[in-house]
Amino acid sequence: MTRVGILSDTHGRLSLAALGCLVECDHIIHAGDIGNPDILTELQEYAPVTAVLGNNDYSQDYNGAVRRFDQAVIDGVTFFVGHFPRDVRPEVVVRHAHGQDVLAENGARGAQVCVHGHIHYPVLLRGNQAAPAQLVVCPGSVSFPRMGFPASVAYVEVCDGTVTDAWIESLDGKRLM
């Protein structure tokens, strides 16, 4: 069994409570708006990290190592990560410099778990609501939650290519969904 801890929208702040939630994780996903490269360095002390840029992040701050989209295969399960909810659809509209919108593949097709941030409140979609993925996860925000939710993180447990469990909890350990 592999536990993946998911967080988003740290905006340069990573509390001890948030770190404590990730100590037992085998892999960590940060879904953007990191706010400070030191946060990724700190997370990497606990487990391998997959991270994407948010609308408040700049590639040069991360020496080009963090991109808009990323994908990880963890214990046989494919995770696709983007910051915006629209980013985790298999195709997204991309506006080119000359103003033309085009539909582009982003790599989400075939992913079992799609992860996004940006909205600062938790979302956990399964089944038809998550299609074509099995699961869509937004962990909320560990630093600036919205919509009356507390600061939160998500967990996805996987084993041999199968998602075995997924949930979102507040930093004090209360299960939200």
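These legends walk through several close-up views of one predicted protein model.

In this predicted model, local features need pLDDT of at least 70 and side-chain atom pairs count only at pLDDT 80 or more, while totals for chains, interfaces and linings use all residues. Residues are numbered from 1 along each chain as its sequence is written, and side-chain values use heavy atoms, with hydrogens and water left out.

**View 1. The whole protein, element by element.** Let's start with the overall layout: the protein has two helices and 12 strands. Here helices (H or I, at least four residues) and strands (E, at least two) are DSSP runs, numbered from the N terminus. Read from the N terminus, the order is β-α-β-α-β-β-β-β-β-β-β-β-β-β. Of the 177 residues, 51% count as buried; buried means under 20% relative accessible area, exposed over 50%, and partly exposed in between, with a 1.4 Å probe and protein chains only. The protein exposes about 8,300 Å², and carbon and sulfur atoms supply 48% of this area. Accessible areas come from the Shrake-Rupley method with a 1.4 Å probe, and for residues only the protein chains shown count as cover. Among contacts (heavy atoms within 4.5 Å) between residues at least 6 apart in sequence, 47% join residues at least 24 apart.

**View 2. The largest nonpolar core and the surroundings of leucine 7.** A nonpolar core is a set of buried Ala, Val, Leu, Ile, Met, Phe, Trp, Tyr and Cys residues joined through side-chain atoms within 4.5 Å. The largest one has 24 residues, of which Leu7, Ile28, Leu40 and Leu43 touch the most other members. Two or more residues come from each of H1, helix H2 (37-44), E3 and E11, and H1 gives the most, with four residues. Zoom in on leucine 7 and, leaving aside neighbours within four places in sequence, you will find contacts with residues including Leu14, Leu22, Ile28, Leu43, Pro139 and Val153. Apart from this core lies another, of 20 residues, among them Val4, Ile29, Val137 and Val158.

View 3. The whole structure holds two aromatic pairs. Rings of Phe, Tyr and Trp (its six-membered ring) pair if their centres lie within 6.5 Å; planes under 30 degrees apart count as stacked, over 60 as edge-to-face and the rest as tilted. Tyrosine 155 and tryptophan 167 form a tilted pair, because their ring centres are 5.2 Å apart and their planes stand at 35 degrees. Tyrosine 155 belongs to strand E11 (residues 152-159) and tryptophan 167 to strand E12 (residues 162-170), so the pair ties together parts that are 12 residues apart in sequence. Tyrosine 155 is buried at 3% relative accessibility, and tryptophan 167 is buried at 5%. The charged end of arginine 3 sits over the ring of tyrosine 155, 5.2 Å from the ring centre. A charge sits over a ring if NZ of Lys or CZ of Arg is within 6 Å of the ring centre and within 35 degrees of the ring normal.

**View 4. Arginine 3 meets glutamate 157.** The structure holds four salt bridges, each a side-chain nitrogen of Lys or Arg within 4 Å of a carboxyl oxygen of Asp or Glu. One of them joins arginine 3 and glutamate 157, at 2.8 Å from N to O. Arginine 3 lies in strand E1 (residues 2-7) and glutamate 157 in strand E11, so this bridge ties together parts that are 154 residues apart in sequence. Arginine 3 is partly exposed at 26% relative accessibility, whereas glutamate 157 is buried at 14%.

**View 5. A salt bridge between two loops.** Arginine 68 and aspartate 87 form a salt bridge, with their closest N and O atoms 2.8 Å apart. Arginine 68 comes from the loop between strand E3 (49-51) and strand E4 (69-74), and aspartate 87 from the loop between strand E5 (77-82) and strand E6 (91-95), so the pair ties together parts that are 19 residues apart in sequence. Arginine 68 is partly exposed at 33% relative accessibility, while aspartate 87 is buried at 0%.

**View 6. Cysteine 21 in helix H1.** Cysteine 21 is part of helix H1 (residues 16-22) and is buried, with a relative accessible area of 12%. Not counting residues up to four places away in sequence, cysteine 21 touches Val153, Tyr155 and Leu171.
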